[in-house]
Amino acid sequence: MKHLPPGRDGHWRLDLRAVGELLASQRERIAAYADVHRPPPREAARPAGEPPAPVPDSVSDLLDAMPMAAILVRPVLADDGRIEDFLYVARNACARAYAATHIPPGSVPPWTGPVALFERFPVMEHTGLPRMLADAHHERAPQGPEAVEWFVPRPDGPPARLSSEVHVAPCGDDLLVTWEPGHRVRMAKAAQKLVRTCWAEWNLADGTVEPSLGFDYVLGLGRTDPVPDLRGLASLIAADSLPEFYGLLYDVLLRKRNSSRELRMRGPVQRFIRVVAEPVRPKDGPVWAVRAVLIDVSDDHRRRTLARAADEEARRQRSRAAALTEVADVLRDAVLPRFQDELAPYGLDAAAVYRPDSTGSGVGGDWYKARRLPDGRLLVALGDARGHGLDAVTLMAKLRYALAGLAYTEEPVEELTRWLNEVACDDGIESTATAVIARYHPERSMLRWTCAGHPLPVLLRGTRATQLSAPPGGTGLSLGVLPGTAYTAAETVLADGDVILLCSDGLIERRDTDPDEDTARLLAAAEQCARETAPTHGHDGLQGTPNASSTCSTAPIAPTTPPFSPCAASLRHGDPRARAVRTPPPRTPYPKGFMGISSGLQRLGGESAA
C-alpha cells in the first residue's frame with residue numbers, strides 16, 4: 001500500500017489504511033453531490049452590443065491599493081428598475097492573487113473583461129451574495145460581513161470549496177464586493193499560542209486545508225513542514241490513538257454530528273491534543289468539510305496523571321496508616337494494664353483511662369505501670385514516649401517492660417530511673433521519653449518518686465490541689481537524652497483520703513501558653529471536681545463516668561485500709577489523660593468531691609489538649 005511508512009506496527013498500518021479509505025469514500029460522495037448540483041450554463045442578461053461603460057483608471061488604481069481582495073459589480077437594471085443581473089466589471093491585484101491560489105486552473109474561462117458574475121461563477125448564485133448585492137443597491141447601505149460558501153467545479157477532478165467573509169458596499173452606481181479568507185492575523189496567532197489552541201477546515205473534495213495561524217505551533221510542525229490534510233494528521237497520531245481518530249471522523253462524516261476525542265501524538269515528548277470537530281455540508285448534501293478546533297491538553301493530561309498518582313499514593317498511605325494504627329492499638333492493648341479492683345487486696349483502688357488524640361495518628365507513646373513488688377512495696381510509673389504511631393508504641397513497650405524487670409532488683413527509684421535512661425539512650429537518638437517513677441512504701445504511707453522531664457504529680461488533699469515540689473536538684477533530664485544522667489528522688493507522705501494525680505503534658509498544655517498558667521488550670525479543675533462529686537468505693541467509682549464532650553480523663557489510684565499492706569499502682573494517659581493515687585479511710589465512702597476529678601479533668605483537657 002502506498003504512503004505507508006516502512007517498519008510500522010501491523011495494527012497501526014491497518015488503522016491508517018482505514019482512515020485513508022474512509023476519506024477516499026467521502027471524496028467520492030462529495031464528487032457525486034457536486035455533479036448533481038452543478039448548475040447549467042446560463043446566458044447573460046445583458047443584451048448583445050451594449051458593452052458596459054469602462055471603469056475609470058482612477059477607480060482601478062484605488063482598487064489595487066486596497067489590502068484585501070475586491071471586485072467591482074455593476075447591477076443590470078430593467079426598464080422598470082428591477083435588477084436583471086450583475087456584471088463583474090473589475091478586480092484588484094489581491095483578487096487576482098486569490099484566484100490564482102484558490103480557483104483550480106481550467107475551472108473558469110480566462111479573464112477577458114466584464115462578464116456576468118453568475119455566468120462566470122454559477123454556483124455563487126445559490127449563496128447569500130445575490131441578496132447582499134440587491135440590498136446594498138436598494139438600501140444604499142453596506143452589507144455584511146457574512147459567510148459565503150460555494151464551490152468551483154473542476155473539469156477533471158473534485159470540486160474546490162471556497163469560504164469567505166464577504167462585505168458589499170455601494171460605490172457610486174456600482175457595488176464594491178470585498179472578502180477575507182482568513183482571520184485577524186497577529187491577534188489570532190498570539191491568542192492561539194497563549195491558549196495552545198488552533199482551528200482548521202479540511203476540504204474533503206480536493207484535500208485543501210484552511211488552517212489558523214497557530215496550527216503549526218499547536219501540532220508542533222516545523223516552519224517548512226506542509227500543512228497536513230486529515231490523512232496526514234492521522235500519520236502524526238500515536239498508534240494507540242488512531243482508533244479514536246477514526247471514531248471521530250466516522251461520527252463527523254457518516255453520522256453528521258459533532259465529535260470530540262483526546263489523541264496522543266507521536267514524538268519523543270508525550271503530547272496530547274483534544275480535537276473537537278463538526279461537519280460542514282450544504283443542505284441535504286454530504287459532509288463537504290471538517291471544521292475542528294485543536295487544543296493542546298498535554299499539561300492538563302500531566303496534571304491529571306500526577307493527581308491520580310497522588311491519590312493512589314494517598315490511598316496507600318492511608319491504608320498503611322490504618323494498618324500501623326491497628327498494630328499499635330493491638331500492641332498498646334497488650335501491654336497496658338486494665339485496673340478492675342485487682343489492686344484492692346493490696347490496699348489500693350486504681351483506675352486508668354487512655355484516650356489518644358483523635359486529630360493525630362490515634363495512637364500515642366504514653367504508658368503507665370502499677371504492680372506489687374516482691375518486697376511488698378508497689379511500683380507506680382507513668383511515662384510519655386516521643387512521637388505517635390507504631391514507633392512510639394514500640395518505645396513505650398520497651399521502657400515499660402524494662403522498668404518492670406528492673407524493679408525486681410529492689411534498687412531505689414533513682415537507680416531504676418538511671419537504668420531506664422540508659423535503655424532509652426541505647427535505642428537511638430530519636431528514642432526519648434519523659435516519666436515519673438515511684439515506689440509506694442506502705443509501712444510509712446510514703447511515696448518516693450523521681451521525675452525525668454515529666455509534669456510533676458498533683459496532690460489533692462480534701463478540696464485543695466497542689467503540685468508536688470520537684471526532687472532535690474530539680475526535674476531531671478528526659479530519658480534518652482544523655483547517657484550517665486543521675487536522678488534524685490522526692491518523698492511524699494500521704495494521709496488517708498489523699499489523691500495523687502499523674503498526667504502527661506497533653507492533658508494541660510496549650511499552644512502558645514505559659515506552662516504556669518496550664519498548671520494553674522489543672523489545679524483549679526481538680527479542686528472544682530473535688531468540691532462537686534464524691535466517688536463510690538472501688539475501681540468503677542474511682543474512675544467515674546467520662547464526659548461525653550471531653551477529650552481527656554483521669555486515672556486515679558486510692559489505697560484501702562489494712563490488714564493488707566498498702567500498694568502502689570500506675571496510670572498511663574495518652575494525649576489528654578491522667579492518673580491519680582489516693583489513700584482513703586477504712587472501708588468508708590470516699591470523701592465528697594473525689595469523683596469530680598474525672599469529669600473536671602475531662603473539661604480541662606477538652607479545652608487545652610494539644
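**Close-up views of the predicted model**

**View A. Leu459 stands opposite Ile500 in strand S20.** This is a predicted model in which local features need pLDDT of at least 70 and side-chain atom pairs count only at pLDDT 80 or more, whereas totals for chains, interfaces and linings use all residues. Residues are numbered from 1 along each chain as its sequence is written, and side-chain values use heavy atoms, with hydrogens and water left out. Strand S17 (residues 458-461) runs antiparallel to S20 and is joined to it by three bridges; two strands pair if DSSP finds at least two bridges between them. Helices (H or I, at least four residues) and strands (E, at least two) are DSSP runs, numbered from the N terminus. In strand S20 (residues 498-503), six of the six residues are buried, a term that means under 20% relative accessible area, with exposed meaning over 50% and partly exposed lying in between (1.4 Å probe, protein chains only). Cover is found on both faces of S20, with Asp498, Ile500 and Leu502 buried on one side and Val499, Leu501 and Cys503 buried on the other.

**View B. Six strands form an open sheet with antiparallel pairing, in the order S3-S2-S1-S6-S5-S4.** Strand S3 (115-116) and strand S4 (143-152) are its edge strands, each pairing on one side only. Seven bridges connect strand S1 (residues 69-77) with strand S2 (residues 83-91) in the antiparallel sense, and Leu72 has Ala90 in S2 as its bridge partner.

**View C. Tyr98 and Trp179 form an edge-to-face pair, since their ring centres are 5.6 Å apart and their planes stand at 75 degrees.** The structure holds nine aromatic pairs, for which rings of Phe, Tyr and Trp (its six-membered ring) must have their centres within 6.5 Å; planes under 30 degrees apart count as stacked, over 60 as edge-to-face and the rest as tilted. Tyr98 in helix H3 (residues 93-102) and Trp179 in strand S6 (residues 174-180) are 81 residues apart, so the pair links distant parts of the chain. Tyr98 counts as buried because its relative accessibility is 10%, and Trp179 is likewise buried, at 12% relative accessible area. Elsewhere, ring pairs join Tyr88, Trp111, Phe121 and Trp150 into a cluster.

**View D. Asp240 and Arg264 form a salt bridge in which the closest N and O atoms are 3.1 Å apart.** A salt bridge is a side-chain nitrogen of Lys or Arg within 4 Å of a carboxyl oxygen of Asp or Glu, and the structure holds 31 of them. The side chains of Glu244 and Arg261 also meet in a salt bridge (3.1 Å, N to O); Glu244 lies in helix H9 and Arg261 in strand S9, so this pair ties together parts that are 17 residues apart in sequence. Arg264 counts as partly exposed at 23% relative accessibility, and Glu244 is partly exposed with a relative accessible area of 36%.

**View E. Within helix H10 (residues 298-335), Arg316 and Glu312 are four residues apart and therefore separated by about one helical turn.** Their side chains meet in a salt bridge (3.6 Å, N to O). Arg316 counts as partly exposed at 41% relative accessibility, and Glu312 counts as partly exposed at 32%.
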